[in-house]
Amino acid sequence: MHMLTSTKLKPGSIISKRVWQNANGREVSIPAADGWTHLQFRRYSGCAVCNLHLHSFIARQNEIRDAGIQEMIIFNSTRERILADLPDCPFTLIADPHRSLYAEFGVDQSVMAVLNPAVWLPALRGAMQFGVQVPRDDETSLGLPADFLIRSDGKIVAAHYGKHANDQWSVDELLTLARTENEVA
């Protein structure tokens, strides 16, 4: 079962400058005025796999910042749930409980998000570290992750659409992409 939401964005696609509200209600601009924006689409804010991944980024936030990358993470959760689940996250968190941004960026859902064996060990590790939370309200466990590296002019220079819940860029992959793009520019 694979549910297509819309057309996927590719490197070279341009996203127009826009202002979103973060989970705290503050306005944030995308793309960042200078440097890079790493736009991460994750499942829901209580997802054990997502939290395991997010904490790998938090542990290396200084390297990410020093590379000129602004992290923006979108969750299929309400603002209230995000703030309860991730009160100390240093990155920009965006609530998208109705998945409108997911649709705009072509981020799909699939039963393979949770059935792929590559998810099971990270899900167990994440559950042991952060506990188990089932999706609530309009959240879904079938969401797939996606990553976009966006220049300050809105050009997407790299895009990755995950095939399962643990298929996303690592910090090393993100830093390599940004470094490579800086050398090309």
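Pro31 sits in the loop between strand 3 (27-30) and strand 4. The model described here is predicted. In it, the peptide bond from Ile30 to Pro31 is cis. Its omega is near -5 degrees. Most peptide bonds are trans, and most residues other than glycine have a negative phi.

Arg99 is not a glycine, although its phi is positive, at about 60 degrees. Arg99 lies in the loop between strand 6 (92-95) and helix 4 (100-104). Its relative accessibility is 10%, so Arg99 counts as buried. Asp137 also has a positive phi, of about 50 degrees, and is not a glycine. Asp137 belongs to the loop between helix 6 and strand 8. Here the relative accessible area is 70%, and Asp137 is therefore exposed. In summary, Arg99 is buried, whereas Asp137 is exposed.

The structure holds nine of them. One joins the side chains of Asp147 and Arg42, with an N to O distance of 2.8 Å. This pair links distant parts of the chain, its members being 105 residues apart. Asp147 is in strand 8 (residues 146-151). Arg42 is in the loop between strand 4 (36-41) and helix 1 (48-59). Asp147 has a relative accessible area of 0% and is therefore buried. Arg42 is buried as well, because its relative accessible area is 2%. Both values fall under the 20% cut-off for a buried residue.

A second salt bridge connects Glu63 with Arg60, also at 2.8 Å from N to O. Glu63 has a relative accessible area of 38%, so it is partly exposed. Arg60, at 23% relative accessibility, is likewise partly exposed. Asp153 is partly exposed, with a relative accessible area of 47%. Arg151 is partly exposed too, with a value of 28%. Elsewhere, salt bridges that share partners join Arg60, Glu63 and Asp172 into one network.

Helix 7 spans residues 171-184, 14 residues in total. From its first C-alpha to its last it reaches 20 Å. That is close to the 20 Å expected at 1.5 Å a residue. The buried residues of helix 7 are Val171, Leu174, Leu175 and Ala178. They cover an arc of only 95 degrees around the axis, and therefore lie on the same side of helix 7. Glu183 and Val184 are exposed on the other side. Cover for the buried residues comes from several elements, including strand 4, helix 1 and helix 2 (61-66). Strand 5 (69-75) and strand 8 also contribute to that cover.

Leu175 shows this packing in detail. It lies in helix 7. Its relative accessibility is 9%, so Leu175 counts as buried. Apart from neighbours within four places in sequence, Leu175 is in contact with Arg60, Glu63, Ile64, Ala67 and Ile69. The C-alpha atoms of Leu175 and Glu63 are separated by 8.2 Å. Along the chain, these two residues are 112 residues apart.

The remaining features concern the surface and one separation along the chain. Leu121, Leu124 and Met128 make a nonpolar surface patch of about 350 Å². Met128 is placed in helix 6 (residues 117-130). With a relative accessible area of 68%, Met128 is exposed. Val111 lies in the loop between strand 7 (109-110) and helix 5 (112-115). At 23% relative accessibility, Val111 counts as partly exposed. Val111 and Phe130 are 19 residues apart along the chain, and their C-alpha atoms are separated by 23 Å.

Key:
Residues are numbered from 1 along each chain as its sequence is written. This is a predicted model: local features need pLDDT of at least 70, side-chain atom pairs count only at pLDDT 80 or more; totals for chains, interfaces and linings use all residues. Side-chain values use heavy atoms; hydrogens and water are left out. Patches are made of residues with over 30% relative accessible area and no salt bridge: like charges are joined within 9 Å, nonpolar side chains (Val, Leu, Ile, Met, Phe, Trp, Tyr) within 5 Å. Accessible areas come from the Shrake-Rupley method with a 1.4 Å probe; for residues, only the protein chains shown count as cover. A salt bridge is a side-chain nitrogen of Lys or Arg within 4 Å of a carboxyl oxygen of Asp or Glu. Helices (H or I, at least four residues) and strands (E, at least two) are DSSP runs, numbered from the N terminus. Buried means under 20% relative accessible area, exposed over 50%, partly exposed in between (1.4 Å probe, protein chains only). The expected span of a helix is 1.5 Å times one less than its number of residues. The arc is that of the directions from the helix axis to the C-beta atoms. Contact means heavy atoms within 4.5 Å.
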